[in-house]
Structure formats: structure tokens, C-alpha cells
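Here are a few friendly notes to read alongside the model. They go from one chain's parts to the contact between chains.

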Amino acid sequence: MTLDAVGKQLVQILTTQRQEPDWLRRMRHEALQTYESLPAQMPLDLSQRPCGLFAPREGDRSCPERWEIMTPFQPERNRKKTEASRLVYANDRKTAHFLDAEVAENGVILADLSLAVRVFPSLVQPYLGQAVLLVDKWTALSGALWNLGVFVYVPPNVKVRLPLQAWWQRTVGGGQLHPRLLLVAEAGSEVTLIAGEVSKLQEQAFVVAVGEVFAKPNAVVRLAFLQEHDAQMTRIAHVRAKVERDAKVQLFMLDRGGGVGHAELVAEQAGHGSEVLLDGLVTGTGSQRLDWTMRTVHIGRHTQSRIRTRALLTEYARLTARAVSQIQQGAVGTFATQEERVLLLAPTAQASPIPTLLIDEEDVRCDHAASVGALPPEQLFYLQARGLPERDARKLLIKSFLAPLLEDAPAAPGMEVLTDKWLDRKGVLK
Amino acid sequence: MAQPLLHIQDLSVSVEGAPIVQGLSVEIHGGEVHAVMGPNGTGKSTFAQALMGHPRYEVTGGTARLDGKDLLAMRVDERARAGLFLAMQYPAEIPGVSNANFLRLAVNARRGEGNALPVLQFHRQLTAKMKELGIEPSFAERCLNEGFSGGEKKRNEILQMAMLKPRLAILDEIDSGLDIDALKVVAQAVNSMRNPEMGVVIITHYQRLLNYIEPDRVHVLLDGRIVRSGGKELAIQLEERGYDWIRDEVESLEEERAQAARNTPSDPRPLDAIDPPEGGCFA
């Protein structure tokens, strides 16, 4: 069977099994054609890594229930009343789905996207595939073959107090499982979503995760997108937010795994007075290779954006971190800032922060800062000279380095626990 | 606990291969205040930093013992926990770490595991010490030395010293960058801490600080060695006459020594050993 035939067959199975409507069927076919016609253009050299629709050697593997990355966000076991609103996939199965009754009563939807396509077509059809277009081979692949979908909908003026969660756990290899997230926050609503991918693999795997966020006028959306992948995982993530008038969107991305990854976080600020915060946090070990792009596109007037990256790299980890502030003509009164800081914990780790400003408008304010370095020896000596053991001194300095990002993170205490656990791993602090 | 004792014998220190401190010996007991003076570039700060264990300074010879324990064999943090304290000339600025938080970590590290100071008690102590030093309460929550003025940094060093209660404190140019009022406050704080449980070394260029903190001994450091030691009157002499007269004296002394060395016979044996023994073949 040729690769094309595999794609066709997979789309066929998907649309039939899930009784998808015609519009979605057409969408998938169109995306598949795009996928097949486009060359694989990747900033990372993926020639050594398997990518595409290859089948796993072993298609059915059990998934552990507890993952380190999830625990800080799980309620304690004996407190049933505070069960977290969440949708959890383990490989291709849903293993947990819970939505707090009070939240559901207000009309908030947290559902399997395939189900939502049939039950709430009027809420899904106008948005699905409208933020992340078929711009490259991998977004086209997601458009054709996404099969692990999560749909979040918040009606107008509803404020969801506790974070919602969406998780994709994976132990099966191959390249046929692809998460998709669609989040629609209506005017004046407020929501925090923690979405995370985690994998532990016995064979090579490939995944394309796509997230689309629609923030209507005055909506406040905080999305934390977490990834902790196995070294055998090759991954593409593309999250794009459309931000309307006076809406506020924070996209917080955390990568604490291994393997090879490419991620793109984009916020389109068409709405006047909109505000966007893009925060990226990388803790890299092993031979992790990451290529990140965080981009804000200013279209409306008087918009604000802030892009911040903090990375801790050790062993042979390598990171390319691009920050792009793109200001279109007419976007008067834009205020865009960028700050990329990388701390190298080992001489073998490497980082290239690339700040970019693309400005087509006169009346704007922009600034950018980038730095790469090791822990300052003078600071380390000072702390040790006051009696702090080297390990504690290093930890204190690293935590102070991350503090500005972690303080503002969605579900901040959980994020802090995660970084603490990473720092306590063997070999990180030496 | 017994009185602290710092014993330094023939200490030599190099920086990037260049010898800076060359055979420094001194003994400091608890309760004593020693002043180390000397012109720029004679190794005063090098001596202090090397004793604390700064990685840039390489100890090439000699010994340094605090209460009989070999300081040079310890890591920086172990030296600090053993009771050595260095108030730095240029304290590092550490953004993101609050002063109070850091001090609590440091105090607890000094007290040792399982002996941590309860948070409330710590804060009570901290507030009291800050008041004594005329430090604003907001100081505690500010980031460690970040954006501090020169005077604030120095006061912060003294605050840390007050909280950590070292057995031997070295104050490296604690007077530089201080106005006269701040100088008095700092001096007063150091004086109030004087007790038989702590020895103090004050490194300074000027005699001014010694008007407020009266030293028991004054040492003059020249070219990496203590060339003269005396009481506080030595400091006054230095203030009046500068360092050149000491340099001249030392040089002429050395010249004499060199002369003497040239006059001594090349045979190192004692004279009576050269004399033929009685009852030998020459008898």
C-alpha cells in the first residue's frame, strides 16, 4: 500500500466510524490532498527521524494512570468533591471525562471534538480549521487526520473559576494519533485551560498537535500547553489564537521532555485594544532538540503583546527560540515587547535565541532583549560564602531566573512544582 | 564554646598565575579586632577572597586554620558554616531572591540540619537587627542587593553578619562608598557585636574607620606580606605619613638582609663543624 493509500484509508475509516458530516469529510479530504502535495519543510533536520503516517509495531499498549506532569493538577484522592474538570485520552481511548456540574449548568462545554461536531455543529463548524490553516505539510496532516479532539466552549459572560484540563497520554508508537484542540471563549467570558501531552514509548513515534483558540471581545483566555515527551517522539505543535477587541489571551507553553520537537505559538491580534502574553518555558536534558517560534501579529489598533522565553538546558539539549513581533500597517499604538533568556547548565548545551521585529507602522513601541549564559559565578560564590551548599545556591539562582515567568503562569503553583521536580532530577544540579 | 582562633601561616595566593599574596602569617583570637592596611594592589582583598575560597584565587602555599580546622581543605560553603564570614567589597546583585528569604536560608544553613530557626523567631530577630542598623523594613522584601546603593549594600553585609553570628568576620573595605553618618552606624554595629566569641579583621585604606572601630592590632600589607604590625598608633602614623616611609624602611631592611646574606660564608655548616676535631689526624 502506498502512503497516499494509507492516508485515504485512514480518513475513510475516521469519517465512517465517527459518522462525520459532509463538511468535515470534505475538509479532511482537502487537507489530505494538501498534505500529499506539499514538501516537508521543517526548520529542524528531521531526515533521521520517522515522520508521517507510519503504523506502530505494537498498536495496543496499556497506559500508566499516574504521570508526573499531571499530578500537580490532580485533586487529592480523598477529596472527591473537588474532582478536576478534565478530558483525558490514553492512546486512542478516553479514560476520564468529568465536568463540574456547576460549570456545565452555565453552558460550558468540555467534550470530545468528534462528538461536538455532531451534537453542536453550529458551535464547531464556524471555527474548526479557521485559525490554523493548511499552511504547511504538518498542519495539513492534522487537518486531515486529527483523531483525538477536545472541544471547549464558554458561553458569553460566563467565568470559569477553576482550570479545565485536557490530557493526551501516549505509549503507542507510530504516527497515526493526532490531538486537536478547539477553544471558543465567547464575549466577556473567562477560562483557563491546562492542556498537556505526555508520552513514554517503546518505539519511534510522531505526533502533530494543533490547537485553535478564539477569544471573542472582552474574553479572557489562559491556555497552558504542556509537553513532556519520550526521547523517541518527534513532535510538531501549532497553537494559534485569534484575539478580538479588548480580549486578553495568555498562551503558556512548557516543554520538559526529550526528543525532537518543533512548536509554533501564534496570536493574531485583529481586535483593537487586545492584549497577548506568550510565555515559553523549556527545561531540556539529554539530546533534546527544540525549535520554537512565538509570534504575535498586530493588526488592530492599540494592541499590546509580550513574548517571554526562559530556558534551562543541560547535557546535550539544543534550543532555537524565535520571538517574532509582527506589526502590520495600520496597527497604530502597538506596544510589543520580547525577552528571551537562556541558562546553560552544562557547557555542552546550546541555545540560539532569535528576536525578530517586523514593523510596517510608524506609531509603535517595541523592545527586545535576549541573553544566553551560565549561572553567574560571582552570584554563586556570594551565596556559598554565606553558607549555602552549592546545590542549594544553584537551585536558588535558577528559581529566581524562572520566577518572573512562573509567577504569572496559569495554575502557577502546579507549574512551580513541575519545575522543582525537574530540578531535583539526577544530574540537573550536579 | 572555646574562643575562636584563626591561624594563618605563610599563606601564598596567585591570581591567574601571578603571585599576589606571598607568605602572609597572622594569628587572630576571639575578641580581637585586627586592621589590615596597605596601598592599592598589595593583596588585601586577595587575601580575604582566597581565605573565603573564591575560585579565581589559587592558594599556592601555607596553611589557614580556624579553630584548628583546615580552612583550605573546605569548600566555600563549609568555610562559611565553620564560622568564617566575609563582608564583600562588591557584593553580588541577585535579582529574584528576596533579602529575607536568602538570609533565612543562610542562617539555617549555618545552624545546621534539624536546628532551623522558626520563621517567626527569625523575622523577629531580623526586624530587631534591621532597626539597630537603621535599615528600612521594606529592605527585607527587596531583591538581594539589586538596585541597592553602595551604602545600602554595605549595610546589608553588616546585617548578614549580625544575623549569621560568625566566629571570624573579615570586613573588606566596608567603609568605601559610605557617607559619614552611615559609617558611624556601621561602626557602631560592629562595635556592638564585639565579643570574645568573634574575631574581626578590618581591611581598609584609610584610618578614618579605625577612629570609630578601635583595633587591637594594625598590620601593614606590602607586596603580599605583612611588613609591620603594631597597635592603633601605627594607623595614625600611616594616616600622617602615608605608606612610602614604610616601603623605604622595608627596602633598606631588605637591603641589609641581602647584604648580610652575601657576607655569610658559602659553606652552610656551623663554624665548629669546619674546625678540625680534636685528636684528629692534624693533632
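Which residues of chain A does the UniProt annotation "domain: SUF system FeS cluster assembly SufBD N-terminal" cover?

1. According to the unreviewed UniProt entry, that annotation covers residues 85–165 of chain A; such annotations may be inferred rather than shown by experiment, and positions follow the numbering used here.

2. Some ground rules: this is a predicted model, where local features need pLDDT of at least 70 and side-chain atom pairs pLDDT 80 or more, while totals for chains, interfaces and linings use all residues. Residues are numbered from 1 along each chain, chains are lettered from A and ligands numbered from 1 as written, and side-chain values use heavy atoms, without hydrogens or water.

3. Chain A is assigned domain 1 (3–55 + 87–372) and domain 2 (375–430), with bounds from an automatic or database assignment. Their C-alpha centres are 28 Å apart, and the contact (heavy atoms within 4.5 Å) takes 28 residues from domain 1 and 20 residues from domain 2.

4. Between these two domains of chain A there are three salt bridges (a Lys or Arg side-chain nitrogen within 4 Å of an Asp or Glu carboxyl oxygen). Asp408(A) and Arg308(A) also form a salt bridge, at 3.2 Å from N to O.

5. Turning to the chains, 29 residues of chain B contact 15 residues of chain A. One salt bridge is counted between chain B and chain A; Arg386(A) pairs with Glu157(B) in a salt bridge whose closest N and O atoms are 2.5 Å apart.
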